[in-house]
Amino acid sequence: MKKIEAVIKPFKLDEVREALSEIGVAGLTVTEVKGFGRQKGHTELYRGAEYVVDFLPKIKMELVVADNLLDACIEAIVKSARTGKIGDGKIFVTPVEQVIRIRTGETGEAAV
């Protein structure tokens with residue numbers, strides 16, 4: 001099993017969720033986060049004063065999938081989250097040793 005963490009632009013969330021649902025992903029966790037990469041933030045004007053926004057709003061999606069779904073998930077996220085502009089995000093993949101469903105006690109892929 002693998003854990004996929006994807007940081008994407010907020011307005012792409014619905015597209016990415018739909019793409020993952022189509023390939024059989026049953027659940028995911030979404031968190032509103034802030035950060036920056038190569039974008040380095042931007043300058044905004046508010047009530048006549050200029051200020052720098054260092055951290056931009058992003059969405060962090062976390063999902064655990066079976067190894068055989070990994071490539072399809074990554075492809076779905078990349079296709080649906082890509083705008084072609086800077087700040088599209090990143091995907092991180094890490095191994096998951098064990099999953100336990102608290103309610104039933106199921107373990108492994110059955111708990112995902």
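Modeller: A term to start with: buried means under 20% relative accessible area, exposed over 50%, and partly exposed in between (1.4 Å probe, protein chains only). This is a predicted model, where local features need pLDDT of at least 70, side-chain atom pairs count only at pLDDT 80 or more, and totals for chains, interfaces and linings use all residues. Residues are numbered from 1 along each chain as its sequence is written, and side-chain values use heavy atoms, with hydrogens and water left out.

Colleague: Okay, is proline 95 buried or exposed?

Modeller: Proline 95 sits in strand S6 (residues 89-95); strands are DSSP runs of E, at least two residues, and helices are H or I, at least four, numbered from the N terminus. Its relative accessible area is 66%, so proline 95 is exposed.

Colleague: Which residues does proline 95 touch, leaving out those up to four places away in sequence?

Modeller: Proline 95 and methionine 1 are 94 residues apart in sequence, yet their C-alpha atoms are 6.2 Å apart in space. Contact means heavy atoms within 4.5 Å. On that count, proline 95 touches Met1 and Lys2.

Colleague: What share of the 112 residues counts as buried?

Modeller: The C-alpha atoms fill a box of roughly 60 × 30 × 20 Å along the principal axes. With the under-20% cut-off, the buried share of the chain is 29%.
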